[in-house]
Amino acid sequence: MHKKVYFKTFGCRTNIYDTQVMIENLKDFSLSENEEDADIIVINSCTVTNSADSRARGYISKVNKLGKKIVYAGCGAVSKGESLYKDEKIFGIIGSSEKENINSLLKNKDRFYQIGDLNSIERTIVHNFEGKNRAFIKIQEGCDFKCSYCIIPHVRGGARSQDEMKILEQVKILTSNDFSEFILTGTNIGSYGKDKNTSLGKLLKKISLIKGVRRIRLGSIEPIQIDEDFSEILDEPWLEKHLHIALQHTNEDMLRLMRRRNSFKSDEKLLDNLSSKGFALGTDFIVGHPGETDERFEDGFKKLEMLPLTHIHCFTYSKRDGTASAAMSSQIKGDVAKQRLKKVVDLIDKKNYNFRKVTNSPLQVLVEEYKNGYFSGLDQYFNKILIKSKKDIDKKWVVLNDYKVKEDLNYAEF
Ligand code: SF4
């Protein structure tokens, strides 16, 4: 009988995808749905902050008590793998370039430490995303930016693009498996193509030509990466009417301290232009980064008020050892950062509500689940909607002309 493997995934969409790559390569094992029934537990870790490391360590202590073989993969394998391995807290290490060898590595009777390199990108084609109706496609790996607070380039390596033919082949396979919405992911997807003399805009056009592709969503893009090729596709019906543009801050001093490549002046112009084309706009924003005095925060907040944003991932800064920001003096107190976070989130919640109130196009929703009497899904603006229906619309596309806009969400009957 096959030994059973349980995957525990921490962190971002790229990690969710990487877990799927490992599952695709697991030929001589079966999957376990929980830790208790598993023989081996593979942790696909995240190391983005010191707290992410602590969460993974906490999980290791918990499952060690169950007496299972623990194998450590993901970004934390580079930053914390060696010490965990030496302390015998884990049985083996699988580095990023080794994940496609998981089948033979897990057969090892002896402990193993296969950290691999940070130059390659996987060749595996993911055929399915069990239980999901939106498919993730990883189009690139790594990042060449050097933002002062971020450890990612150190643990994922420099930016490199997936082969275009591989991406298109994968989309074709997934459309034949009934997927019609695609989410392009990667560490820094806007850098796609720089090493292959092409661009994200050109890739998107090619994906859109594949029969069965109805909507394409994108992960986070850097503002300076919206180039001519990308601008050409902004009116295409297959592109979701929502873009997530990572600003991280809106105060110029903070942007310099954070070693960002964007500036508020050009960000404002870009967002105003995209908003005039009807896009809902999301961003990442960090509050409480070292050096964020009251004046700098208030200036940044005033500028945020000016931007046509509709969604935000706002984080309180969390220290990451080994980064330039971690060594900066003038760290900000946790409670101050939390108050700032609330202020920013409340502002963007209001902006989102106002955006939904004035939107008048029919909503195109891919229904994702049925729970507590409601179907739910995301519309083209990345807003969730709850739908009452007597029909079985789970995993189907619906177009809603009539719906109610409430402060928390949109609601409809179908
Ligand atoms: S763009 Fe900056 S924040 Fe994003 S992964 Fe690269 S270094 Fe990190």
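C46 sits in the loop that joins β3 (40-45) to α2 (50-64); helices here are DSSP runs of H or I of at least four residues, strands are E runs of at least two, and both are numbered from the N terminus. The model before you is predicted, so local features need pLDDT of at least 70, side-chain atom pairs count only at pLDDT 80 or more, and totals for chains, interfaces and linings use all residues. Residues are numbered from 1 along each chain as its sequence is written.

Is C46 buried or exposed? C46 counts as buried, because 21 C-beta neighbours lie inside 10 Å. The term needs its cut-offs: a residue is buried if 20 or more other C-beta atoms lie within 10 Å of its own, exposed if 12 or fewer, and partly exposed in between, with C-beta atoms placed from the backbone. Leaving aside neighbours within four places in sequence, the contacts of C46 are F10, G11, C12, N15, A52, G74, C75 and G76. Contact here means that the C-beta atoms of two residues, placed from the backbone, lie within 7 Å. By comparison, K205 is 159 residues from C46 along the chain, and their C-alpha atoms are separated by 32 Å.

Let me turn to the chain as a whole. It holds 13 helices and 20 strands. Its radius of gyration, taken over C-alpha atoms, is 22 Å, close to the 22 Å that the globule rule gives for 414 residues, so the chain is as compact as a globular protein of that length. That rule is 2.2 Å times the number of residues to the power 0.38. The C-alpha trace spans about 60 × 55 × 45 Å along its principal axes. Of the 414 residues, 40% count as buried. Among contacts between residues at least 6 apart in sequence, 72% join residues at least 24 apart.

The chain is divided into domain 1 (3-114), domain 2 (134-358) and domain 3 (363-413), with bounds from an automatic or database domain assignment. Between the centres of domain 2 and domain 3, taken over C-alpha atoms, there are 25 Å. Twelve residues from domain 2 and nine residues from domain 3 make the contact. Which element gives the largest share of the side of domain 2 that touches domain 3? That share, three residues, comes from α13. The residues of this side of domain 2 divide into two nonpolar, three polar and seven charged. In this grouping Ala, Val, Leu, Ile, Met, Phe, Trp, Tyr, Cys and Pro count as nonpolar, Asp, Glu, Lys and Arg as charged, and the others, Gly among them, as polar.

At 1.5 Å a residue, its 25 residues (334-358) should span 36 Å, and the end C-alpha atoms are 37 Å apart, which agrees; the expected span is 1.5 Å times one less than the number of residues. Its buried residues include A337, V344, I348 and F355. Among the elements covering the buried residues of α13 are α12 (294-306) and β14 (311-316).

Next, the ligand. Around the ligand are C143, F145, K146, C147, C150, I152, P153, T187, N188 and E222, each with its C-beta atom, placed from the backbone, within 6 Å. This shell divides into six nonpolar, two polar and two charged residues.

I close with a backbone detail. N372, in the loop between β15 (363-371) and β16 (374-378), has a positive phi of about 50° although it is not a glycine. With 6 C-beta neighbours inside 10 Å, N372 counts as exposed.
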